[in-house]
Amino acid sequence: VDELVGDLLCTFKQLFSNTFLPVLQPAIKLGSTFEGWSPQEDDAVYCLLVPLEAPRGHTFHLELGPEGEMPARNSRIRVEVECCCRRQWQAEYTLCFLHQPAIRRIHTPSLLHTLCTDSYLDVMKTVHFFRRFVDFFCSVMPQSHHCRIEVLPFSRSFKLQLTTASGRPLFVEIIFGVRQGNSDIFLSSQSTEDDSTPSTTWTESYAVAEAKFFSIIARQAPQDSFHLKCLQLFARIELGRVLSTDILKTVVMHLLTIIPMSGWRRRDFLKRLADILQYLHYCIKEKSLNHFFFGNENVPEEIILLPSFRRAEPYNLLYHLVDNPAAQNEVLHELVELHTR
C-alpha cells in the first residue's frame, strides 16, 4: 500500500509540477487499520489522506462557518489568485498568474477552471480529476505485475482494490484534505452521512490527530498492552444505531488519558472492558460525552491544535439525547445488550 500510493503521488508530482493545480503532499496513514484495531479481518480498508496545498500564485481561504461555531462541520475552501510578480527583493523572476494573461493560456488546466465551482474548491471535481489519471497509472505501476489493481466506483473519495496472486483483496481509500493552519486538523473530502451535502462542502476531520494520538500512546504503552484489543473487541460487535464506533473510540481515548498505561496490560483486560462500559453508561445517563479535541486539557502537547480548539468549550457528542428521553432509553437498552454480550 505504501509503495503503490507513494508511486502514484510521485507520478502526479512529476506530471503536474509545472501547472497551476494543487500540490499533492505525502500521504498520511489513518484509520483503524493503520492504528491497529480494525474490526475487519479479510476486507480491511487502508485509508490515506493526501494533503493539498495551493499552487503558486493561489491561496486557500478556509471558510469554517459562523465565527465561534465549533466544530465547523460544513466548511468551504475559497480559492483566490494572488500577485506573485517580481518584487525588488526577489532574486529570480516569478511568473504571475494574475497579471500575465499569457501565463494562464500556456499553463492549462488551471485550478479555478478545472477543480472549482464559483471560486470554491469542489470535492467531486477534485476526486474525479485525479481518478481519471489513476485509471491509467494503475495499469503501468510495478505493483500491477504481481497483483490486479482495480479502481472502484467513487463518491467523495476513490478506492482501489488490490487482489494478490493468492486471491486476497486489499482495499485502499484515498481522500484529499486541506490543513487548517499548521495543525493536525483538516478539511477533508471524506464522505458524510448526508448524501445531499454540496460538492463545495468539505468535512472537518480529526482523523490525522486521532492517528497521531494512538501513535503517541503506542510509544508509552507496555509491550503487552491490550488497549487496542479492547477497542477492537467492541468495534467487532454489531452495535446499535447510536453506539457507533466513533463514540466507543472517543470513550477509549478519554480513558487512555485518565488510566495510567501500566493499567492496560494483559492481566487488566477484563477490568478495562468493565471500565469502558461503566464510563459509557455514565455518559449515557448524563447525556454527555465530550469531544476529545475541544477544550480538553488532556490532549497530548505533541498533537498540534489551533488555539481556538484548546480554548473552546467542550462539545457534547451526545447532544441529541438531551431533549429526547426515548432516544436515551433506546441507547441504555443497547448498552444492556452490549454488557450482556
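Trainee: What makes up the secondary structure of the chain, and how are its elements defined?

Mentor: The chain comes to eleven helices and twelve strands, where helices (H or I, at least four residues) and strands (E, at least two) are DSSP runs numbered from the N terminus. This is a predicted model, in which local features need pLDDT of at least 70 and side-chain atom pairs count only at pLDDT 80 or more, while totals for chains, interfaces and linings use all residues. Residues are numbered from 1 along each chain as its sequence is written, and side-chain values use heavy atoms, with hydrogens and water left out.

Trainee: Why is Thr201 called buried?

Mentor: Buried means under 20% relative accessible area, exposed over 50%, and partly exposed in between, with a 1.4 Å probe and protein chains only. Thr201 has 8% relative accessibility and therefore counts as buried. Thr201 lies in the loop between strand S11 (186–188) and S12. Leaving aside residues up to four places away in sequence, Thr201 touches Asn74, Ser75, Val123 and Arg156, a contact being heavy atoms within 4.5 Å. In the chain as a whole, buried residues make up 47% of the 341 residues.

Trainee: What makes S5 and strand S12 a pair?

Mentor: Two bridges join S5 to strand S12 (residues 202–205), and the strands run antiparallel; Ser75 has Trp202 in S12 as its bridge partner.

Trainee: Which residues of helix H7 are buried, and what do they pack against?

Mentor: In helix H7 (residues 227–236), the buried residues are His227, Cys230, Leu231, Gln232, Phe234 and Ala235. The buried residues of H7 pack against helix H6 (207–220), H8, H9 and helix H11 (325–340).

Trainee: How is the lining of the second largest pocket divided into nonpolar, polar and charged residues?

Mentor: The residues of that lining divide into seven nonpolar, eight polar and no charged, where Ala, Val, Leu, Ile, Met, Phe, Trp, Tyr, Cys and Pro count as nonpolar, Asp, Glu, Lys and Arg as charged, and the others, Gly among them, as polar.

Conventions:
Two strands pair if DSSP finds at least two bridges between them.
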